[in-house]
Amino acid sequence: MGNIQLSKDPYNIIITGVGGQGNVMASRVLANMLVKKGYCVTIGESFGASQRGGSVMSHLRVSRSSIWSPQIPRGRADVVIALEPVEAIRVLKDYGNPEVKILSNTRAISPVGVIAGELDYPSMEEIKKSVKELASDVWFIDATDEGLRLGNPILGNIIMLGALSGVGVLPMDREGFKGVISRSIPEDKIDINLKAYDMGEQMVRV
Amino acid sequence: MRIFGPNELLEDVVKKDLCIGCGACIYLCPYFRSYMGKTAMLFPCTLTEGRCWAYCPKTEVDLDDLSKRFFDRPYDGDPLGFHGSVKISRAGSKFGTGSFQAGGTVSALMSFALNKGYIDAAVLTDRDGILPVPRLVTDPDDVLRCSCSKYTASPTLSALNQAIKEGYNHIGVVATPCQGLAIAKMRSNPTRIDDFTDPVGLVVGLFCTWALDFRAFDAFISERIDVDKITKVNIPPPPAEIMEIYTTDGKQEIPLDEIRKLVPDTCSYCIDMTSEFSDISVGVLEGRPDMNTIIVRTKRGQDIVDEAEKEGFLVLDDIPEENLEHLMWAANNKKKRALIKAEEDGLINTNQEDKRSYLRLNPEALKNIVA
Amino acid sequence: MSYLIDNNEGARYLLMGNESIVRGALEAGVKVAAGYPGTPSSEIIESLSKVGKEMDIYVEWSVNEKVAMEVAAAGSFAGLRSLCAMKQNGVNVASDFLLHLAGSGTRAGMVIVPCDDPGALSSVNEGESRYFARLVEIPLLEPGDFQEAKDMAKWAFELSEELRQIVMLRSVTRMSHASGNVVFGKLPVSDVHAEFKCDGFVLDPMEGIMTSAPVDYRHTQQQEKLNKAREIFEDCPFNTYDGPDSPELLIITSSACTLYSREAISILGLKDRVGLLKLGTTWPLPPKLLKKYLSMTDRIMIVEEVLPFLEENVKILAAEMAPEIGVKTFYGKNDGKIPMVGELNPDIVVNAIAQTLGIDYKAMPDEYANKAQGVAMAGTPSRELTFCPGCPHRASFWSIHNALELDGRKGFVCGDIGCYTLAILPCGFSSLKTTHSMGSGTGIASGFGKLGGFGFDQPILSVCGDSTFFHTGISALVNAVHHSSNFTMVILDNSGTAMTGFQPHPGLKVNALGDEVPSIDIEEVCRALGARVEVRDPFDLEETRKTINQLIEDKQGVNVLILRQICALSPEKKGKKKYEMTIDEEICLGENCGCNRVCTRIFRCPGLVWDKEKEVTRIDEVICTGCGVCADICPAGAIKKSSVLKEVA
């Protein structure tokens, strides 16, 4: 996986989710893995008020040669990693195109309006159907549920990263992942993170 | 009759400033609460049918329906409502003496009913300073703590709702006419609750011409008297025309005309002076500050009064003719004034789809009263 | 150890814009740094605080931005390079001092870093700090990418030292909070001795007294410094041009808009037709440089955020040079090609260029756009902002709302800046009726509380966070007590500057560097000021509500209610559940009369979910933090809490 060539330059990745899901952490880890492979990476993200229940997006621009705008232009996402399923659709509306690839978690986080019974949350079947209509390749995985099984739902993000590696569009590998997390997380948590990464990789291969 | 919900309650009652703060809607749900004599709706509710609207004494009431339900006959407009005997009374020697108003009949009756197990709890009105406070009492000896009229509107029925939640099912209530009406509506199970059982064992109604708005009364009194020193408030029977305020420093008198300015407008729509939807109604007796007038309305009421007399809790006597006549005149007068006012506002027997009535009563009864 | 102090010259790192600025400051040998937290600026002081010990830097989270700038100025006066950082609002707070500092000048290099928030992504304004540079006559720099953020930060100190003047280095959210590759320079070996020399000739800039008087002399000096800056900027490597010699259109831009403009030109394939002049030194503008590029073409587009700062300044120069360079046509904010409100992005610039040059551009095929739009409209429920699960503010505002509704006299709440600003929204039961700047809720309440003589009889509450209390809330409280105003100030004490990431404040026992410091007890301070003070736990809903009702009955003086409960995201609480929450589905009343979903319809904690099929409430165990408050709002007792103290893996 580690020697894949990017199909475009810049290659545009969007990691989307909801405040508190660890979106920023996931984009950091991915970006650092790519920087280690010698790429120029630009990340655009917004935090602050959006942490409080709002949608949170990170834009990653990966290039051999230069940095790019921290905001991806409309219609130009190459791969979208959705930590929350309806966020995938929201992103496609602005950044989608017929060639985009989607990797989505299946665990819904209900907006307050849905909790309050004022809005409807679409069924997983509807979401899958919509996403398939708008993307060229689609993977849905139960990352949060598997993360919970490993002991912490936040590991769902690592499972998603592992799955992204498994999908085979980016030069990512286990060693690179390990190298990056070793600097940012306590040593006793490394094994469980590696396990989550491997699990994600396996989940998209089946 | 069609039942509506909280939005119509706001429309029919709150926005028209008709809420008297009786407490009928309090604790039924998380939305209605009482504070300083006023009922507040904390958050909006979206239901189209609700007990709040159905139990409220100020939303539409069909007097024929209710009268048939409780007295087996249509509402006829009798000044004193459906009733059996009308007498005068006071607490008997067995009840003892204490600081109660007039003859102490109400305290004696409630204490007796609790003692004999006619009721398993009593919903009464205590006070904190001059703020009336609903109280649920199960010990007969505690009844006396809640004696004496409060003259201010009280959310007493909130304690009834709590008593029901706590599982009491023969609850005795001392109620003003509006509160009595709310209890009657509640007992008729207007929202058709499947497993409904009547939780009320006895309603002792109080005569009432009006109740004061607490915040207005508090502001009025605070300017004249140190509220913390007040021990008792009393309006002696006519023709005194004063309110007596007893404090630790002695008694002060305030002309009733000044007090009447503090009566909320909603009381002028009330047609009931003698608490017609009760088992027994009790009030003052003109010219006799030591006695009460007592009206018995139901068989249960009669049984309790009879037994209380037999056991020395109550002393009864015949009512002088002129007292009865004056009572009927005054009661009819209240009805007449209120009906005329409500009719002027288009609130009687309204039949349009989008407009609810305040009162529904048969044209015959209406004619009897207004004539 | 933080990678920001890796002594690894030439190595390439992925840095957030704010971290780049920090690295630049470190490479410049910064010794004193102070600020007040505020998105998007907080990571600057935050990152410096983490390396302060190793790098021998004094770092503090000051009580407010004005004091931060004063603290940093002291460093400069004593010969130490110093930095102060703040969000755009902070410059307003500090501007009184800034005006005078610009008059007195500085000694060792001093840099102010304001981080503006175009589009107000995490602000309640999109104020411009660039105008302050022009207003107080100091040099202004704007980095256009991440490498430049580092390099320019380093250079800003040198420039400041050369001019003996404070330099403003202005960032924006998309620079501060975006990340990119940065090649590290060398970290200096520092050996400095601090001394404030003030015994020399009074007007001597290095040994005299530091003041802005005599004004005519100092102001003249100040303008000479600005002229010198203008000269230096003529040849500054941070001003670059990319494009043909005679472009059809010249774009002049700065800051993050450089990246948008460059991308727009690339998307439209206009490298041979459109020129890009990227300015790093945006005040004072270098006239010779501008003349050179303005002469290249007659059509000029200015791309910037938010207000037409560059546009105005370039137009003035162009007007002065018109006899030599001819009359130009300008595109930008004034003609509406570039919006005057909100942040920009590559698409906005693409459209502006396409429109100006008559190019047809579509970001998405129509068919795809329509389909995506249709799917999104039908299937993406919007996400309104809300308090976090377990947030004490939700509980506090529940009680505040209920107390005011019960009271029934049309009471209201004046708020200010913090997470609790969200109480404007349904998550705070729409309780806040005024929100402006830090501490202003209490100042406004102080004013309302004096209107009784005009018949004003509504109960007044103000809310203020613990950090905000020290920032400016305290002065409003002093004012209110002194003037016998009548209201209740509610201090929402969640033990930290929670919104920006738990920076310490004077109420805490630890400072930015992690040292133990004396804490200032809010309760004691309020009492000493003469207010009646009550302290409650907002998770005790009924007690809190009762207390508020009692306090607003009080017709005399200022009351303070401190609602103390640690933020749900705080390191102490995060991942630890106090209670395990469950729902008894048999008892849950759901939509029936008696409840009508008070927990999910009104309380709206994200941990509670309405199950439409079963018509009961569910607990989302991933989201629930186990605070237990919802058990107390359930009228049926269907929400159960059982004590556990569970640490998540």
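Predicted model: local features only at pLDDT ≥ 70, side-chain atom pairs only at ≥ 80, totals over all residues.
Figure 1. The close-up shows one salt bridge within chain B, in which B:R360 pairs with B:E60 and the closest N and O atoms are 3.3 Å apart. The two partners belong to distant parts of the chain, 300 residues apart: B:R360 sits in strand β15 (residues 359-360) of chain B, whereas B:E60 is placed in the loop between α2 (51-55) and β3 (61-62) of chain B.

**Figure 2. The interface of chain C and chain A.** Two pairs of chains are in contact, and of these 2 pairs it is chains A and C that share the most contacts. From chain C, 70 residues take part, and they are in contact with 70 residues of chain A. The area buried between chain C and chain A comes to about 5800 Å², and carbon and sulfur atoms give 58% of that area. Across this interface 7 salt bridges are found. A salt bridge also joins A:D120 to C:K612, with the closest N and O atoms 2.5 Å apart.

**Figure 3. The interface of chain B and chain C.** Here the contact is built from 20 residues of chain B and 22 residues of chain C, and the area buried between the two chains is about 1600 Å², of which carbon and sulfur atoms give 59%. On the chain B side, B:Y35, B:L42 and B:F43 lose the most area to chain C, and together these residues account for 36% of what that side buries. The interface of chain B and chain C has 2 salt bridges. In the view, the side chains of B:R215 and C:D407 meet in a salt bridge, at 3.3 Å from N to O. Chain A and chain B, by contrast, do not touch, and their nearest C-alpha atoms are 12 Å apart.

Figure 4. The domain assignment divides chain C into domain 1 (3-234), domain 2 (240-357), domain 3 (392-564) and domain 4 (576-647), and the C-alpha centres of domain 2 and domain 4 of chain C lie 56 Å apart. The close-up is of helix α1 (residues 17-27) and helix α6 (residues 146-163) of chain C, whose axes come within 7 Å and cross at roughly 35°. The crossing of α1(C) past α6(C) is right-handed. On the α1(C) side the contact is made by C:G17, C:S20, C:I21, C:R23, C:G24, C:A25 and C:E27, while α6(C) contributes C:F146, C:A149, C:K150, C:A153, C:K154 and C:F157. Sorted by class, the contact of α1(C) with α6(C) comprises 6 nonpolar, 3 polar and 4 charged residues.

Figure 5. The peptide bond from C:T39 to C:P40 is cis, with omega near 5°, and C:P40 is located in the loop between β2 (32-35) and α2 (42-55) of chain C. Another cis peptide bond joins C:E305 and C:V306, where omega is about -5°; C:V306 belongs to the loop between β14 (299-303) and α11 (309-325) of chain C. In chain B, the phi of B:N189 is near 50°, which is a positive value in a residue other than glycine, and B:N189 falls in the loop between α6 (177-187) and β8 (200-206) of chain B.

Conventions
Residues numbered from 1 in each chain as written. Chains lettered and ligands numbered in written order. Heavy atoms only, no water. Axes fitted to C-alpha atoms, helices over the stretch in contact; angles between N-to-C directions. Helix = DSSP H or I, 4+ residues; strand = E, 2+ residues; numbered from the N terminus. Left-handed = near helix turned anticlockwise from the far one by under 90°. Contact = heavy atoms within 4.5 Å. Nonpolar A, V, L, I, M, F, W, Y, C, P; charged D, E, K, R; others polar. Domains from an automatic or database assignment. Buried area = accessible area lost by both parts, 1.4 Å probe. Salt bridge = Lys/Arg side-chain N within 4 Å of Asp/Glu carboxyl O.
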